[in-house]
Every structure is written in C-alpha cells, then in structure tokens.
Amino acid sequence: WSVETLRHLAAALRETVTPFRQQAQVAQLLKLLKQAHDSAGPHRPVLCVGRDGIFVPIRKDSNYREASTATVSVLDRHGRKLGTMFLGQMPEPGQETLSEQLTALIDAVLNEWQGLLPRLEYVTDGGHHPTDYFEKVLLNKLHPRTGVKLQWEWVLYYYHACLYLTTLAEALFGKATKEAAAWAAKMRRWLKNKQHGAFRVLHSAAALAARLEFTEEEQKAYQSAYNYLRTHLPLMDYVPYRRRGLAIGSGITEAACKTVFTQRFKQSGMKWSLEGGQVIVDLRVI
C-alpha cells in the first residue's frame, strides 16, 4: 500500500469510530465509579480531572507548537487510581475543542451516574489554559441533572511546585551547589509533609533572601518563583489533600502526554500537519 492509501485508511477509520468515543469512555468511567463506590476505605471516591500541554513538531513550522491533553480518572476509597480516559487535541488557539470534549465527557458521566456523587478534583499546573478552564467552566458548573452547583477542588501538581523550589534554591545558594540541593530537598519535604508547608517554604525563602544581595538575574529568578508560589498558595495544601485521599501528583496527566503524543509524535525526524496529526491523536485516544 502507498503512503496515501495508508493515510486514507487511517482517516476513514477515525471517521468511523470517533462518534462512539464519548459513549465508550462514559461507559468505562461509570464502570470504574461503581467499582470505586463498592471499594472499602475511609474516603468518598474521586472523579479526578487533569489537563496539560505538550509541544509537538509541526510541518512548515520551525518551532514546536503546544498540543493539549486531558484526563478523567477515578480514584477509589483509598485514593488509588482505578483507571483513566484520555483526550487529545493538536495545537489550536484557545484549546476550545479540547475544552468542549472534556466538558461533554464530565457532563455525560455525572448525568448517567446514579450513585453517591464522587468528590470532584481538578489537578493541573497553573498555566493559562488550565486556569482559564477552571475559572470559566468548572468554578460555577452545575450538575447536569439536578442543577445543584458542583464543588471542585483544584490542586496544583506537587512536582510542578517543586520546580519552583529548585529555582528559589539556585537563586539563594547558587546553581549546582550542595547548599541549593540540600535546601530544595528540605523544602520539598516541608511542602509535602508539614501542615501549611507552602507558607513555611515561603517564610524560609524570604528570611534567607533578606540577608543576601542578589545580582539582577538572581533577583529576577527569585522573585518570579516566589510570586508564583505565593499566588498559588491556596492550591498547595498537600497534607490535607493526602489525608483525604486526593491526588497531588501529575503522573496521570503526564502519562497522557507520553502515551498520546510523545511515543508517537516525537520519533526521529517526525513532523506533522495539524489535520494528519489529529487523525492519529483521535485513534490513540480511542
């Protein structure tokens, strides 16, 4: 078969099966919710939504452009992941298609689920598109069947927050120094294991910074990281999250980036058109 024949075959297969994607994902998520509802443990099950971006190589473009992926997972009464549904979209301004697909999937699951409402969690980094989706869609979202306002708990990825701890450490102690590594490791433990850990981290950083004279580059790096953590302080209360069986890591959504995009789109020499890439994304999601 020629390349063109293979492309036509993939496109035809995508057109045939894509209309059934949401129906199949809803059925699987309902099955997982039933399994979580029947599990033993101290917590109410969780419907966990994640969202992230990943850069992919595009034809006739010297730069990579940001594709998007979303996940909907079910956690049981012990906070263990039972399964995940993936969504993916090639680079698109505003990521509106992914937002529409994700909202439709959430609505369909909640509309058909007849048991006790699971806790609703949104786990992302603090990027523009995830934030925009939370503020415009999830924050004031109503239950599609009952009309009652839904309560979503937004959690900032723990490991994403840790990247900013490293930036703070390098600004305070110098890059690739033992002191920076030791302070960053200690702050990671505080952030994850101590009550109000994020506040303690910021207090420690500010106390150290007050005794230092930064270069312009160090000051810029320090202030950027400090401001990011301070702005997202309400999303980093990791001790209560863990105690209540909520997810704090980015593994679920990062696995989506890897499975849907990286393994297929970033092999040696590859570049993609937006249309041809979307055919492959839809098939991999299914």
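# A guided tour from Tyr 238

Begin by selecting Tyr 238, which touches Val 155, Leu 156, Tyr 157, Tyr 158, Ala 161, Leu 191, Lys 192 and Ile 248, leaving out residues up to four places away in sequence. Contact here means heavy atoms within 4.5 Å. The model is predicted, so local features need pLDDT of at least 70 and side-chain atom pairs count only at pLDDT 80 or more, while totals for chains, interfaces and linings use all residues. Residues are numbered from 1 along each chain as its sequence is written, and side-chain values use heavy atoms, with hydrogens and water left out.

**The whole chain**

The C-alpha trace spans about 65 × 50 × 30 Å along its principal axes. Of the 286 residues, 47% are buried; buried means under 20% relative accessible area, exposed over 50%, and partly exposed in between, with a 1.4 Å probe and protein chains only.

**Helix H5**

Select H5 next. Its buried residues include Tyr 158, Ala 161, Leu 165 and Leu 172. The buried residues of H5 pack against strand S5 (152-156), H6, H7, helix H8 (216-231) and helix H9 (238-243). Gly 174 follows H5 and has a positive phi, near 100 degrees.

**Helices H6 and H7**

Move to helix H6 (residues 178-193) and helix H7 (residues 197-209), whose axes are 7 Å apart and meet at an angle of about 150 degrees. Axes are lines fitted to C-alpha atoms, for helices over the stretch in contact, and angles run from 0 to 180 degrees between N-to-C directions. H6 and H7 are therefore roughly antiparallel, a class for angles over 145 degrees, whereas under 35 counts as roughly parallel, 65 to 115 as roughly perpendicular and the rest as oblique. Among the residues making the contact are Trp 183 and Trp 190 of H6 and Arg 200 and Leu 208 of H7.

**Helix H10**

Select residues 251-265, helix H10. H10 bends by about 35 degrees at Lys 258, the bend being the angle between axes fitted to the seven residues ending there and the seven starting there. Ile 252, Thr 253, Ala 256, Cys 257, Val 260, Phe 261 and Phe 265 are buried in H10. The buried residues of H10 pack against strands S1 (46-57), S2 (64-75), S3 (81-89) and S4 (119-124), and against helix H11 (274-285).

**Two single residues**

Select Gln 95, in the loop between S3 and helix H3 (96-112). Gln 95 counts as buried because its relative accessibility is 4%. Beyond its neighbours within four places in sequence, Gln 95 is in contact with Arg 51, Glu 66, Ala 67, Ser 68 and His 129.

Finish at Val 137 in helix H4 (residues 128-138). At 24% relative accessibility, Val 137 counts as partly exposed. Ser 99 is 38 residues from Val 137 in sequence and 8.8 Å away in space, C-alpha to C-alpha.

Conventions:
Helices (H or I, at least four residues) and strands (E, at least two) are DSSP runs, numbered from the N terminus. The expected span of a helix is 1.5 Å times one less than its number of residues.
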